[in-house]
Amino acid sequence: QVQLVESGGGLVQAGGSLRLSCAASGNFFSINDMGWYRQAPGKQRELVATVTSGGSTNYLDSVKGRFTISRDNAKKTVYMQMNSLKCEDTAIYYCKAKVRDVSFRLYEYWGQGTQVTVSS
């Protein structure tokens, strides 16, 4: 079983910054893609940013230039630095990881979510 534990959410004023972290633990062979998703009240969950095991990244258009995703493979952790935050970034942010288990089967795991609130 794999656990993803997120941290770093909170309340910040518009224009401010936050850094989210998500650490993976458990018994598995490797971690493939890792990413951050968010869900605002009354809206569907959307992809914010992803990073492959090789470091290739992908971003939601509205966060390009403001958010930066990175990972530390040795620490099994993915980060997202969020700068110039806007009120519309307010949401619950979820970490997701594609994990290959010891039998080389691929599974997706989600974190419990962390609240990010941006005030005007």
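**Labels and their cut-offs**

Analyst: Ala23 has a relative accessible area of 32%, so Ala23 counts as partly exposed. This is a predicted model, where local features need pLDDT of at least 70, side-chain atom pairs count only at pLDDT 80 or more, and totals for chains, interfaces and linings use all residues. Residues are numbered from 1 along each chain as its sequence is written, and side-chain values use heavy atoms, with hydrogens and water left out.

User: Why is Ala23 called partly exposed?

Analyst: Buried means under 20% relative accessible area, exposed means over 50%, and partly exposed lies in between (1.4 Å probe, protein chains only). Ala23 has 32%, therefore it is partly exposed.

User: Where does Ala23 sit, and what does Ala23 contact?

Analyst: Ala23 belongs to strand E3. Strands (E, at least two residues) are DSSP runs, numbered from the N terminus. Contact means heavy atoms within 4.5 Å. Leaving aside neighbours within four places in sequence, Ala23 contacts Gln3, Leu4, Val5, Lys76 and Thr77. Ala23 and Lys76 are 53 residues apart in sequence, with 5.8 Å from C-alpha to C-alpha.

User: Which strands are joined to E8 by six bridges?

Analyst: Two strands pair if DSSP finds at least two bridges between them. Strand E3 (residues 18-26) has six bridges to E8, antiparallel. Here Ser21 stands opposite Tyr79. Strand E7 (residues 67-72) also has six bridges to E8, antiparallel. Here Ile69 faces Met80 as its opposite.

User: What makes E8 mostly covered?

Analyst: Five of the six residues in E8 (residues 77-82) are buried.

Key. Helices (H or I, at least four residues) and strands (E, at least two) are DSSP runs, numbered from the N terminus.
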